[in-house]
Each structure stands twice: as structure tokens, then as C-alpha cells.
Amino acid sequence: MVDLDETDRKLLSALITDGRLSQRQLASMIGVAQGTVTNRLNRLTELGVIRGFHVNLDPKKIGWSMTVLIGLRIEKRSIMPVQGIIANDPRVTSVYDVTGEFDSMVLARVKDPDDLNDLTKNVLSIEGIIRSSTHVVLNTVKESIAFLPE
């Protein structure tokens, strides 16, 4: 974990609110010199706190009409290779090692039921997968990682 001081937290909070703010705007908002903002952003990026700057797209508006959560039971000797293959599919947004009933959870976006069928039959049925359980998301209540822990 990286220790974040008050300036780091203010800077990150401002970027979470609007990632398009210029360094000059950020400096003015948090009350520091622009050079301080530059140095802090570089430091936070080098430390891996800031992993990049991205556009936040609405999946449905660009053609991903369905979100699915998939639990996988995987043969113990195959977990890493199977996860690697699944992670390479462009419809897959996240692959997690988990505790509990499943070995891995997969979050994916698909265009339609036919696309889900393709994902299930061609990606989620590879050798090493013992069982899968697919859950279609009916409604997204909250989807955000844009906050700092206290």
C-alpha cells in the first residue's frame, strides 16, 4: 500500500471527479503549484497508484447489451493457463481468483444471446474447466471504483 498524504488525496479526488482537468486547473483547485501537481502525478503513476487515464464508455451505447458474471470450477493444475486463455477474449473485462464455491469469477460483456452462446461454447468450455455457472446481469445498480478508502 502507498501512503497518500492530503495533497495526494485531493489530487486523486479531483481526478476521480473529472479526469480531463489540466495540471493548471488541478493546481488551482487543490492550492499547490503546477510543478507540484506534475511531480505528484508522475510519482503516483510510477508507484502504480494511477494506472492510466481512460474514457468511461457506456457499454450498452457501444453495442455490449449484456453483462454476465461467470463462476468457474477449474482443475487445480490448469487454473493459470485457463485464466490466461479466458482473459485474452476481448469480451472479458475481468478475471478474478476467488474463495468459495468457484476458483475464478469472470466478468464479461456480450452483444446479445448469440454472442453469449459463442462465449460459453468456445471460451468457457476449454479443457481444464470442470463447471461454469453463468449469471446474466439484469440491472446495474452501481458500478464504480472511483473513490478513495478512508
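**Labels and their grounds**

Modeller: Glu6 and Lys10 are separated by about one helical turn, because they stand 4 residues apart in helix H1 (residues 6-17). Note that the model is a predicted one.

Biologist: What makes Glu6 and Lys10 a salt bridge?

Modeller: The closest N and O atoms of Glu6 and Lys10 are 3.2 Å apart. The cut-off is within 4 Å, between a side-chain nitrogen of Lys or Arg and a carboxyl oxygen of Asp or Glu, so the pair qualifies.

Biologist: Is Glu6 buried or exposed, and how do you know?

Modeller: Glu6 has 55% relative accessibility. Exposed means over 50%, so Glu6 counts as exposed.

Biologist: Why is Lys10 called partly exposed?

Modeller: The relative accessible area of Lys10 is 38%. Buried requires under 20% and exposed over 50%, so Lys10 falls in between.

Biologist: What makes Asp8 and Arg40 a salt bridge?

Modeller: Their closest N and O atoms are 2.8 Å apart, and the limit is 4 Å, so the pair counts.

Biologist: Why is Asp8 called buried?

Modeller: Asp8 has a relative accessible area of 1%. The label needs under 20%, so Asp8 is buried.

Biologist: How do you know that Arg91 and Asp115 form a salt bridge?

Modeller: The closest N and O atoms of Arg91 and Asp115 are 2.7 Å apart, against a limit of 4 Å, so they form one. Here too the pair links distant parts of the chain, with Arg91 in the loop between H4 and E2 and Asp115 in helix H5 (residues 113-122), 24 residues apart. Both Arg91 and Asp115 are buried.

Biologist: How many salt bridges are there in the whole structure?

Modeller: The search finds 13.

Biologist: Which residues of H4 are buried, and why are they said to line one face of the helix?

Modeller: In H4, the residues Ile79, Val82, Gln83 and Ile86 are buried. Viewed down the axis of H4, the buried residues fall within an arc of 100 degrees, so they line one face. They pack against E1, E2, strand E3 (104-110) and strand E4 (129-136).

Biologist: Why does Ser94 count as buried?

Modeller: Ser94 has 18% relative accessibility. The cut-off is under 20%, so Ser94 counts as buried. Ser94 lies in strand E2 (residues 92-97). Beyond its neighbours within four places in sequence, Ser94 is in contact with Met105, Val106 and Leu107.

Biologist: What makes the link between the side chains of Ser94 and Tyr96 a polar contact?

Modeller: The distance between Ser94 and Tyr96 is 3.4 Å. A polar contact has to be within 3.5 Å, so the pair meets the cut-off.

Biologist: Why is Lys76 called exposed?

Modeller: Lys76 has 59% relative accessibility, and the label asks for over 50%, so Lys76 counts as exposed. Lys76 sits in the loop between strand E1 (66-74) and helix H4 (79-87).

Biologist: Which residues form the nonpolar patch on the surface?

Modeller: Val55, Leu57 and Ile62 form the patch, with about 320 Å² of accessible area together. Leu57 is in the loop between helix H3 (34-46) and E1.

Technical notes:
Residues numbered from 1 in each chain as written. Predicted model: local features only at pLDDT ≥ 70, side-chain atom pairs only at ≥ 80, totals over all residues. Heavy atoms only, no water. Helix = DSSP H or I, 4+ residues; strand = E, 2+ residues; numbered from the N terminus. Buried < 20%, exposed > 50% of the residue type's maximum accessible area, 1.4 Å probe, protein only. Polar contact = N/O pair within 3.5 Å; in protein donor to acceptor, adjacent residues only side chain to side chain. Contact = heavy atoms within 4.5 Å. Patch = residues over 30% accessible without salt bridge, like charges linked within 9 Å, V, L, I, M, F, W, Y side chains within 5 Å. Areas by Shrake-Rupley, 256 points an atom, 1.4 Å probe, with all protein chains shown as cover. Arc of directions from axis to C-beta.
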